[in-house]
Amino acid sequence: MRQNRRFSGINFLAGIAAGILLLPAFGSAVANAQRRLNDSDLFKAQRQVREPGTPVAAQMGIEATRPLPGSGVPGSVRTEAARGPLVPLAPPNSSCTPNVSPPNSHTCNIFETDGSGNPSEITNVITLPNVVVGGLLVLKHDGAIADSVVSNWSDVLKFGDGTNTNTTIMQLFSRGCNTGNPNDTSCFPAYNPGVSAFVIESNPGPTVFFSSPNTYNVFSVDDDAPVRPWTTAGSTGQHDEDSSGIVRYNSFGVNLATGQTGAVHMRYNITAVEGVARLCPATLSVIRTRFRNSDNGGTTARVTYEIRTSSVSGGGNTVIYTFDSNGRGSGSGFKTATETAQIDFDFTTNMYWIEATLFRSNAAEFADLGTIQIWEAAGTACP
């Protein structure tokens, strides 16, 4: 059980020593200090009108007798010959698994990735094990905003062609639409309440949608960070000795000093703040990077970094996430990249840090690393 995820090995030993010396006078204070902070101690959340992932017929625009999109079709079973053998895909690829009970039902896990597991705001077409009713499942940020406000939509899971025609395929479309603009909704189907179900996006995810007899777990990335994500600015990092003469800390970021070329190497320690250690375990974490790069090919300018981990007891140096500015667009302005990774931050047994490299061979180019935000986005809440 990971109830003390916040404490690294060093802090834990220090806490033991302090407890031995001060226990007689501060026993109750030490006990309270080790209690996991609950957001309800600081904030009183508004009461939610309806549970995330639960449709309300009056707000869905679906007649009471009309089946939900993605629900089973009585008497329609996809044959084994048409389906072929089911080969489970390695996460974070989307996949569907037939259920033992009830018959002709399935459970699907849908991720914001393409068929190769790469982050993508438009997924590959996903084949369903059974015939379902077509239509649209719309995930909304704010349940109080009208269903027709497309700017409040975060994701659309389209079954078939988006009409109520029976189908065996689905595809997820997420805000951003792979355009580089995080607010782009151009890939979303038009508002059509007659064939749609509207649910509130869960944060942390997944958003669970039950459309009898099938279950759909949508691992959608909520663009809104939790109250306490792990964040960094350039000044919180430490450059290596070889970079001393060329590095510059500028506002929230770090880059090469004016007129300098070469490579700056930085290291950032990731600490166990609330948002990055809130799930036990996490199935997905979000990494949001603010950067600037003027060479999209990386020949004359490039920004890269890796998230690394090492076991406190066993050592090691393992890369668990890689960021590369190549192929993300160029220019003189800063850009924001938001991605997901299968990272479960467990500070009881591991330590985590970032190693970054800022390179340019032309002093007129830009290679800047700004802020980085990290938080656990989907999984099981800690006890």
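**View 1. Strands S2 and S9 pair side by side in a predicted model.** In this predicted model, strand S2, which covers residues 106-111, runs parallel to strand S9, residues 214-219, and five bridges join the two. Within this pairing, threonine 107 of the one chain segment faces threonine 215, which belongs to S9. The two strands are part of an open sheet of four strands, whose order is S1-S2-S9-S8 and whose pairing is mixed. Strand S1 (95-98) and strand S8 (207-211) form the edges of this sheet, and because each has a single partner strand, one side of each remains without a neighbour in the sheet. On average, and with direction ignored, neighbouring strands of this sheet are turned by 15° against each other.

**View 2. Serine 211 sits in the edge strand S8.** Serine 211, a residue of strand S8, has a relative accessibility of 0% and therefore counts as buried. Its side chain reaches the backbone oxygen of proline 69 at a distance of 3.1 Å. When neighbours within four places in sequence are left aside, the residues in contact with serine 211 are Leu68, Pro69, Gly70, Ser71, Gly72 and Tyr216.

**View 3. An open sheet of five strands contains the pair S14 and S19.** The strands of this sheet follow the order S11-S14-S19-S16-S17, and their pairing is antiparallel. Strand S11 (238-239) and strand S17 (315-324) stand at the edges, where each has a single partner strand, so that one side of each lacks a neighbour in the sheet. Within the sheet, strand S14 (residues 262-270) and strand S19 (residues 350-360) are paired in the antiparallel sense over nine bridges. Histidine 265 has threonine 357, in S19, as its bridge partner.

**View 4. Asparagine 293 is a buried residue of strand S15.** Asparagine 293 belongs to strand S15, which covers residues 279-293, and with a relative accessible area of 1% this residue is buried. The side chain of asparagine 293 makes a polar contact, at 3.2 Å, with the side chain of serine 325. Apart from neighbours within four places in sequence, asparagine 293 is in contact with Ala301, Arg302, Ser325, Gly329, Ser330, Gly331 and Phe366.

**View 5. The second largest pocket takes the largest share of its lining from strand S18.** This second largest pocket holds about 750 Å³ of space. Its lining consists of 26 residues, of which Glu121, Gly180, Thr336, Ala337 and Thr338 are the closest to the centre of the pocket. Strand S5 (153-159), S15 and strand S18 (335-341) are the elements that give two or more residues to this lining, and S18 supplies the largest share, six residues.

**View 6. The whole protein sets the close-up views in context.** The protein has three helices and 20 strands, and buried residues make up 43% of its 383 residues. Among the contacts with a separation of 6 or more, 72% are between residues 24 or more positions apart.

Note on methods:
Residues numbered from 1 in each chain as written. Predicted model: local features only at pLDDT ≥ 70, side-chain atom pairs only at ≥ 80, totals over all residues. Heavy atoms only, no water. Pairing = 2+ DSSP bridges. Axes fitted to C-alpha atoms, helices over the stretch in contact; angles between N-to-C directions. Buried < 20%, exposed > 50% of the residue type's maximum accessible area, 1.4 Å probe, protein only. Polar contact = N/O pair within 3.5 Å; in protein donor to acceptor, adjacent residues only side chain to side chain. Contact = heavy atoms within 4.5 Å. 1 Å grid on protein atoms, 1.4 Å probe; cavity = no way out; pocket = protein on both sides within 12 Å on 5 of 7 lines; lining within 4 Å. Points joined across faces, edges and corners; volume = space filled by probe spheres on them.
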